[in-house]
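Thanks for taking a look at this one with me.

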Amino acid sequence: MSRNLSDSPVVYDPVNRELRTVSDYFAEKEEEVLNIRWEDEIEEGAEVEPNQRLAHIIWDGADQEPIDAPPECAGVIVWINGQIEYEKLDLRPEPLLRLKASRRRTRRRSRRHERP
Amino acid sequence: MRFCLVALAILLAGCSLFSTSPSLPGGYLIPQSEPRSTPISKRIYLVADNQVHNVYNEPVPLLRTEFADKLVQTVIRPVQLDFYGQDFLEWLVKSRGKRSLIVHLGDSCDFSCTGEFKRFSEIMSQAKKGWVMAPGNHDGFFFGNDHRDVDKGDWPAACSNAGEPMTKGRFVRLYLAALTLQEGPGYQALARHLALDRSDLGDLEQIAPLIPTQGNWRYGEESGNDHAFLRAVSWRIDRAHPWRSFVVQEVDMSRDASELPSPVTVRAILLDTAQYDMKPVLFPTSHNAGVTGELLDDQLTIVKSWIESGPRQGRFWLLMGHHPFGSLTGGTQKAVADLRKSVKTNLYVSAHTHAGQFIVHGEDRDEDNWLELNVGSILDWSLEFRPLQLLITDEGERLLLRSPRYTMHEWLREFEGVPTNDDEWEAKPGDPDYYLGHEDLKDLDAHDTEVRLKNVLLAAHGRLLGFNRTQAGAAPDAHFWPPCCKSDEAVLEEIDRMIEDHRLDRKTEFLLELDRFERERPVEDPEKRRKFRLSQAIWASKYDSVHLRKPLVDDLFIIFPKE
């Protein structure tokens with residue numbers, strides 16, 4: 001059975017290499033996000049891998065919710081959103097970070113292309 | 001005469017004063033991206049100066065004429081803004097108030113009529129998480145300026161068809177009644193304390209007379225362990241001197257849980273800066289509530305006792321009030337400065353100017369300089385509101401204020417497609433509902449001014465009905481039709497007749513019928529009507545800000561006429 005989009009707070013867009021929030025996910029909640037707290041090692045220039053813990057959502061209540069890198073979300077971070085508009089998370093997708101294509105992926109693809 | 005003009009400009013400009021500001025010391029940082037930090041407070045939404053205005057008033061000499069409007073443009077707003085403008089507050093309360101607490105920083109009303117406050121409280125009652133407010137000069141003083149006769153003269157004339165003049169004492173009663181009607185542990189504990197938690201009491205007017213003339217309530221242990229936003233309320237109603245009445249409150253902005261190793265609490269005190277020793281008067285301006293804010297010793301003593309009774313460690317305080325610090329009396333400035341120092345806060349939050357800004361207080365380059373966050377109006381351009389939350393930075397454990405400034409028109413454009421591009425929705429020069437400017441109100445006659453304004457309002461109703469038809473098949477004997485009419489066409493014809501009728505009382509009477517008709521009739525497309533109303537309010541506010549229909553500097557597109 002396929003997962004609904006709103007089962008996860010974030011989605012990775014491989015075309016634009018962008019990790020974004022899913023507005024339906026936040027719209028379904030009755031509380032507000034106070035902030036998104038990045039893990040210490042998550043910074044511009046760092047490399048991330050699928051399933052890696054990226055951040056925690058700090059909800060208005062007592063809960064914290066982890067944000068893990070979705071499948072395909074791999075590469076070097078070139079930009080982290082430093083002005084997240086938490087107030088609008090329930091209304092529109094918000095970009096959280098952007099990757100450049102990882103060197104490893106690029107090499108693999110290159111090798112494939114070299115095959116006769 | 002020139003002196004009079006200048007004096008009147010100063011007194012009416014209570015809502016648009018600016019002051020020069022010294023530098024912010026180097027110890028403050030203004031980062032362009034969010035530092036790694038931990039939230040220590042909930043997010044609250046700050047909103048101010050919505051000024052519900054009674055559009056069915058009788059003429060008000062001097063203060064509602066071209067003469068006064070030329071000096072201060074909020075004296076006569078476009079009628080579309082008065083009629084549709086509260087849709088902004090309603091949108092915010094419904095949209096953001098379902099998740100967050102709302103703190104209103106005063107001037108809920110315009111003339112200060114009980115009917116205006118009732119309308120305001122109906123809107124605010126939709127804030128599911130709760131709301132509180134700090135009183136402004138329009139909440140208890142006639143047109144935000146002074147206390148005057150409530151039985152005859154301008155004040156009852158202005159409040160015609162909107163209840164009665166709302167003195168400061170009356171405001172305190174109505175506001176406390178509105179608090180007791182809210183859900184949530186703090187509000188309900190207050191209601192229980194006042195024995196007002198009865199099921200037979202569901203109306204402001206019923207509850208207000210039952211509010212005692214003074215009280216000092218604090219949310220206590222017996223109230224349970226629930227997190228209560230409203231923590232303390234103290235008030236005094238002075239019947240002989242209503243301007244000395246006050247209501248001061250303490251609210252708890254703390255989070256339910258914290259990731260920090262030791263507990264941290266965040267409290268805010270909502271000061272009542274519209275409490276006066278001397279009766280506020282129009283002249284001299286130093287005693288005008290629109291120009292000067294004040295708070296008296298009785299209020300101050302209570303605030304000090306609240307601060308002293310709380311823990312010193314791990315508590316952050318915020319001070320909030322309607323009037324900017326710079327417009328407080330000298331004595332009140334000193335008192336607020338002392339309070340600020342005693343709670344070690346470098347932030348005071350205010351409103352009143354209608355033009356949001358940060359203000360730095362202190363000497364030129366003094367290390368003790370501190371900050372005031374002034375919140376703009378949600379009614380007058382640029383339709384501002386702002387969330388506020390406090391955090392602690394990971395690096396250096398410093399206090400971090402996060403308070404992005406948002407504007408209604410940007411939110412509505414992005415999320416609602418408002419204002420729409422429908423060319424015919426917008427009033428153009430030459431249309432009967434085009435916005436009246438100074439040039440159209442060229443005399444001092446308050447009666448003639450109201451006749452012109454009512455004609456524009458009638459024409460605005462015509463446009464509203466023309467584009468938002470009543471649901472097809474509505475029975476001619478349905479309850480919502482005005483007595484004159486049984487169809488939209490008949491209503492539109494009656495609107496045209498009333499515009500030609502020179503009798504002000506007939507216009508007002510019919511406008512009241514139209515008001516009820518508009519609230520009660522079913523329309524073909526409710527969503528279209530909602531957007532239509534918001535579009536009208538945005539155009540009215542925007543063009544009022546520049547006195548004419550013209551593009552603002554940040555308008556993106558302009559279509560030129562065909563040759």
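1. A:Cys73 is a buried cysteine, with a relative accessibility of 0%. Please keep in mind throughout that this is a predicted model.

2. In chain B, B:Cys109 is likewise a residue to look up: it is buried, at a relative accessible area of 0%. How far is the sulfur of B:Cys109 from the closest cysteine sulfur? The distance is 7.5 Å, to B:Cys113, and that is too far for a bond, because a disulfide calls for sulfur atoms within 2.5 Å.

3. Over all chains, the structure holds two disulfides. One of them joins B:Cys113 to B:Cys159, with 2.2 Å between the sulfur atoms. The torsion about this S-S bond is about -85°, so the disulfide is left-handed. B:Cys113 sits in the loop between β3 (101-104) and α5 of chain B, while B:Cys159 sits in the loop between α6 (154-158) and α7 (168-180), so the pair ties together parts that are 46 residues apart in sequence. Both B:Cys113 and B:Cys159 are buried.

4. B:Cys484 and B:Cys485 also form a disulfide, and their sulfur atoms are 2.1 Å apart. This link is left-handed, with -80° about the S-S bond. Are these two cysteines buried or exposed? B:Cys484 is partly exposed, with a relative accessible area of 39%, whereas B:Cys485 is buried, with 2%. Counting bonded cysteines along chain B, the disulfides follow the pattern 1-2, 3-4.

5. Now to the aromatic rings, where the count comes to 27 aromatic pairs over all chains. A tilted pair is formed by B:Phe117 and B:Phe120, at 5.6 Å centre to centre and with 50° between the planes. Where do these two residues lie? Both are in helix α5 (residues 114-124) of chain B, three residues apart, which is about one turn of the helix. B:Phe117 is buried, and B:Phe120 is buried too.

6. In chain A, A:Arg98 lies over the face of A:Trp79, at 4.5 Å from the ring centre. In chain B, B:Arg533 lies over the face of B:Phe83, at 5.5 Å from the ring centre.

Definitions and conventions
Residues are numbered from 1 along each chain as its sequence is written. Chains are lettered from A and ligands numbered from 1 in the order in which they are written. This is a predicted model: local features need pLDDT of at least 70, side-chain atom pairs count only at pLDDT 80 or more; totals for chains, interfaces and linings use all residues. Side-chain values use heavy atoms; hydrogens and water are left out. Rings of Phe, Tyr and Trp (its six-membered ring) pair if their centres lie within 6.5 Å; planes under 30 degrees apart count as stacked, over 60 as edge-to-face and the rest as tilted. Helices (H or I, at least four residues) and strands (E, at least two) are DSSP runs, numbered from the N terminus. Buried means under 20% relative accessible area, exposed over 50%, partly exposed in between (1.4 Å probe, protein chains only). A charge sits over a ring if NZ of Lys or CZ of Arg is within 6 Å of the ring centre and within 35 degrees of the ring normal.
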